[in-house]
Amino acid sequence: MLAIEEISKTFGGVRALSEVSLSCGAGEILGLIGPNGAGKSTLVNVISGVVTPDKGAITLAGGDIGAMATEGRARAGVARTFQNIKLFKDLTVRQNVEVAHITCVSARRDVAATIDIDTLLERYGLAALADLAAGTLAYGAQRRLELVRALALGPVLLLLDEPAAGLNELESEALAEAIEDIRATVGCAVIVIDHDLGFINRLCDRLCVMDQGRVIADGGTEDVWSNPKVIEVYVGTSTAHSAH
Ligand code: ADP
Ligand code: MG
């Protein structure tokens with residue numbers, strides 16, 4: 001589904017990504033973890049087109065998306081949420097979802113026809129809030145709205161940057177269930193970044209661990225957590241990285 005090959009990106013003198021290669025299949029939930037500054041958000045920004053890499057290739061369903069702008073990738077089904085919530089705060093909840101749906105209609109009418117906005121709002125607990133301005137919602141509800149807005153794009157690939165940040169335990173449990181529900185119903189590939197390792201381990205089929213711009217481990221949850229390089233990064237004595 002998604003294949004990225006040898007992506008590198010430098011900001012000034014900082015090597016944010018060094019020859020990162022990664023794939024994610026349809027119906028797979030891949031956890032992207034690693035210390036602060038490891039390059040996780042940059043990688044997601046490169047995939048969604050927000051950041052242009054210095055080198056490397058990105059294909060989605062066999063098609064080269066590396067040269068497309070953000071808009072083109074959204075039309076191709078690359079949907080995302082942001083580490084810091086980015087909603088149209090003055091538009092209503094429903095309007096936020098409609099904007100994404102229109103994008104899908106313009107590119108993939110057949111896919112858009114299978115998406116019903118009312119059903120989505122209902123399914124993820126936003127129906128009663130549909131006519132409120134998005135900016136007036138509680139934090140947890142704004143997080144749900146970001147997710148529903150991404151779903152209205154008819155995602156082929158869903159990128160979630162720290163979706164559980166700031167949620168309480170009940171809310172993150174509900175979020176994990178929602179993401180599993182999306183995998184079952186939409187069947188898209190999902191890449192999720194989060195620092196909450198309980199949340200990640202419960203949710204993900206596969207983990208990719210990054211450190212200092214490189215992938216240091218990629219595999220099933222058990223294999224990754226028994227990998228010495230991963231243990232070094234997470235429980236090592238190095239004070240250069242914090243776990244958050
Ligand atoms: P993570 O999401 O894993 O915490 P990031 O991808 O945000 O890490 O950052 C990786 C590195 O790239 C960090 O050293 C960060 O300071 C740097 N970086 C990220 N974005 C920018 C930017 N727009 N300009 C300059 N440096 C950046
Ligand atoms: Mg980040």
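Predicted model: local features only at pLDDT ≥ 70, side-chain atom pairs only at ≥ 80, totals over all residues.
## Basis

Local features need pLDDT of at least 70 and side-chain atom pairs pLDDT 80 or more, while totals for chains, interfaces and linings use all residues. Residues are numbered from 1 along each chain as written, chains are lettered from A and ligands numbered from 1 in written order, and side-chain values use heavy atoms, without hydrogens or water.

## Helix H1

H1 spans residues 40-48. Helices (H or I, at least four residues) and strands (E, at least two) are DSSP runs, numbered from the N terminus. Eight of the nine H1 residues are buried. Buried means under 20% relative accessible area, exposed over 50%, and partly exposed in between (1.4 Å probe, protein chains only). The buried set is Lys40, Thr42, Leu43, Val44, Asn45, Val46, Ile47 and Ser48. Ser41 counts as partly exposed, at 21% relative accessibility. Gly49 follows the helix, with a positive phi near 95 degrees.

## Ligand 1

The shell around ligand 1 (residues with a heavy atom within 4 Å) includes Phe11, Val14, Ala16, Pro35 and Asn36. Gly37, Ala38, Gly39, Lys40, Ser41 and Thr42 also surround ligand 1. H1 gives the largest share, three residues. Strand S2 (14-24) also supplies at least two.

Polar contacts here are pairs of N or O atoms within 3.5 Å. The side chain of Lys40 places an N or O atom 2.7 Å from a ligand 1 oxygen. A polar backbone atom of Gly39 is 3.0 Å from an oxygen of ligand 1. For a backbone N or O atom of Ala38, the distance to a ligand oxygen is 3.2 Å. The protein covers 60% of the 560 Å² of accessible area (Shrake-Rupley, 1.4 Å probe) that ligand 1 has on its own.

## Magnesium site

Ligand 2 is a magnesium ion. Its protein donors are Ser41 (OG) and Gln83 (OE1), at 2.1 to 2.5 Å. Ser41 sits in H1 and Gln83 in the loop between strand S6 (78-81) and helix H3 (93-107), so the pair ties together parts 42 residues apart in sequence. Gln83 is partly exposed, at 33% relative accessible area. Donors are N, O and S atoms within 2.8 Å of the metal (3.2 Å for Na, K and Ca); water is not among the atoms, so sites may look incomplete.

## Cysteines

The whole structure has zero disulfides, a disulfide being two cysteine sulfurs within 2.5 Å. For Cys104, the nearest cysteine sulfur is that of Cys188, 12 Å away. For Cys188, it is that of Cys24, at 9.0 Å. Cys104 is buried, at 1% relative accessible area. Cys188 is buried too, at 2%.

Conventions
Polar contact = N/O pair within 3.5 Å; in protein donor to acceptor, adjacent residues only side chain to side chain.
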